[in-house]
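Here is a short report on a two-chain model. Look over the structure first, then read on.

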Amino acid sequence: MIDPIHQFHLNKIFTIGHIGNQEIAFTNSSAYMLLAVVLIAVMMLAAGRALVPGRFQSVVELSYEFVANTIRTSAGSHGMTFFPLVFSLFMFIFVSNIVGIIPYTFTVSSHIIVTFALALLVFLTVIIYGFYKNGLKFFKLFVPSGIPAVILPLVVVIEIISFFSRPISHSVRLFANMLAGHVTLKVFASFVTMLGALGFVGKVGALLPLGLTVALTGLELMVAFLQAYVFTILTCIYLNDAIHPGH
Amino acid sequence: MAESHGEAKGTASAHTEADGGHGFPPFSKETFPSQIVSLVIAFVALYVIVSRVALPKVGAVIDARQKAIDGDLADAQRLKDESEAAMKAYETELATARARAQAIGAETRDKLAASSDAERKALEDSLAAKLAAAEKSIATTRATAMSNVRGIASDAASAIVQQLTGKAPAAKTVEAAVDASLKGTA
């Protein structure tokens, strides 16, 4: 059976430099990250400026309005301060996920270190901006109002734990979804080739996993968008905490 | 998805795999620094492009469209207001004109009625005068006729008496008899 994990391997293309003893390599992952950046940049910058937009311009404006509305609804109009950050996150994850569905490509977000770094970026932004904007009032985040004094210490402990587990849940959700989806796709796709090698009966039998692979690809397309959206909306909700720390 | 990176490895056999090809790639820590550096470079580049160029550009296009729509709506509203104002002015004018026409009509009617009244009155007056004159002349004529009747009657009576008696009666007696008979019949 073909190794379903193989698609997640990093292949060094060239060495960028060294930090201490650690070699910093330009890998296939780096290439796909840059590809995502280039795709987004080309898409955003090549879009026309027509008063009545064409298809391509509509897609660009739709993504703009979509992210802007997501921020406005979950973090208020003040959240628009973070529009470039949230937009970058959404488009980066969305485009890498979509590119990753194309066979023979690499999925940047299937590596936990990438999703964790992005989640940590959001986490640190929330903490730094929260203290910068609210000062010590930011600690109100851990003390919900209207809680009886008896159970307040317990609630505060729970709030603190949930706050600090955010980057983990935030990153693992995206990583696990992309990883599991791609492994499943690969497994079903490898059934097709295995059965196909068994002659006529095998070829007929291979139709089932083939159909499943097609269906799963459709599902993965949805997951690719949905996980990018989930990551984005969670980012907005966390940023909302930094902007309005009182519950 | 099958054979995805097997092929990539085949064509680029000089490349060594960063994780040595063993273990679960997403958890092989030796690849983390490379990925983080790549991610930082890529994401910073993306952030700069998005925040400095892409979003302002798309936002400006959307704003311009919103402004154009708002401007068009405002123009439409202004034109509508203008047309309504014109309609109102027309209606006021029409009402004024109608009122004036009515006033002129009433005035004319009053004037005509007054003049016709005056004419009728003059006519009635002249008719009444004529009537009075006629009545007066009738009365005069009648009085004259009556006095003539008395003369004729007394003449006839004295003639009849002369024929019957052969001698003329005294004029005074005849006149008194005629008066008494006229008084009795009249």
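A:Tyr104 is partly exposed, because 13 other C-beta atoms lie within 10 Å. The model is a predicted one. A:Tyr104 sits in the loop between α3 and α4 of chain A. Its phi is positive, about 75°, although A:Tyr104 is not a glycine. Most residues other than glycine have a negative phi.

A:Ile102 belongs to the loop between α3 and α4 of chain A. Is A:Ile102 buried or exposed? A:Ile102 is exposed, because it has 12 other C-beta atoms within 10 Å, and a residue with 12 or fewer counts as exposed. A:Ile102 and A:Leu221 are 119 residues apart along the chain, yet their C-alpha atoms are separated by 10.0 Å.

Helix α4 of chain A holds A:Thr125. A:Thr125 is partly exposed, because 16 other C-beta atoms lie within 10 Å. From A:Thr125 to A:Leu85 the C-alpha distance is 9.8 Å, across 40 residues of sequence.

## Chain A: overall build

Chain A contains 8 helices and 2 strands. The order from the N terminus is β-β-α-α-α-α-α-α-α-α. The C-alpha trace spans about 70 × 55 × 45 Å along its principal axes. Chain A has 247 residues, of which 36% count as buried.

Consider the contacts in chain A between residues at least 6 apart in sequence. Of these, 66% join residues at least 24 apart.

## The hairpin

How do β1(A) and β2(A) run? The two strands are antiparallel, and 6 bridges join them. A:Gly17 is placed opposite A:Ile24 in β2(A). The hairpin has 2 residues between the strands. A:Gly20 in this hairpin takes a positive phi near 65°.

## Nonpolar cores

The largest nonpolar core has 53 residues. Those with the most contacts inside it are A:Ala36, A:Val86, A:Phe90, A:Phe92 and A:Ile93. Both chains contribute: α1, α2, α3, α4, α6 and α8 (207-243) of chain A give two or more residues to this core, together with α2 (32-165) of chain B. Apart from this core lies another, of 6 residues, among them A:Leu185, A:Phe188, A:Val192 and A:Leu216. In soluble globular proteins, nonpolar side chains tend to be buried together.

What does A:Val86 touch, leaving out residues up to four places away in sequence? Its partners are A:Val67, A:Ile71, A:Thr232, A:Thr235 and A:Cys236.

## Chain B

Chain B has 3 helices and 0 strands. Along the sequence the pattern is α-α-α. Of its 186 residues, 13% count as buried.

## Where the chains meet

## Confidence

The model scores ipTM 0.89 and pTM 0.73. Chain A has a mean pLDDT of 89, and 99% of its residues reach 70 or more. Within chain A, confidence is lowest in β1(A), at a mean of 83. The highest value in chain A belongs to α3(A), at 94.

Chain B averages a pLDDT of 84, with 87% of the residues scoring at least 70. Which helix of chain B has the lowest confidence? That is helix α1 (residues 4-11) of chain B, at a mean of 39. Confidence in chain B is highest in α2(B), at 92. Over residues 1-21 of chain B, pLDDT stays under 50. For that stretch the model has 45 contacts beyond four places in sequence.

Terms used: Residues are numbered from 1 along each chain as its sequence is written. Chains are lettered from A and ligands numbered from 1 in the order in which they are written. This is a predicted model: local features need pLDDT of at least 70, side-chain atom pairs count only at pLDDT 80 or more; totals for chains, interfaces and linings use all residues. Helices (H or I, at least four residues) and strands (E, at least two) are DSSP runs, numbered from the N terminus. A residue is buried if 20 or more other C-beta atoms lie within 10 Å of its own, exposed if 12 or fewer, and partly exposed in between; C-beta atoms are placed from the backbone. Two residues are in contact if their C-beta atoms, placed from the backbone, lie within 7 Å. pLDDT is the predictor's confidence in each residue, from 0 to 100. Two strands pair if DSSP finds at least two bridges between them. A nonpolar core is a set of buried Ala, Val, Leu, Ile, Met, Phe, Trp, Tyr and Cys residues joined through C-beta atoms within 7 Å.
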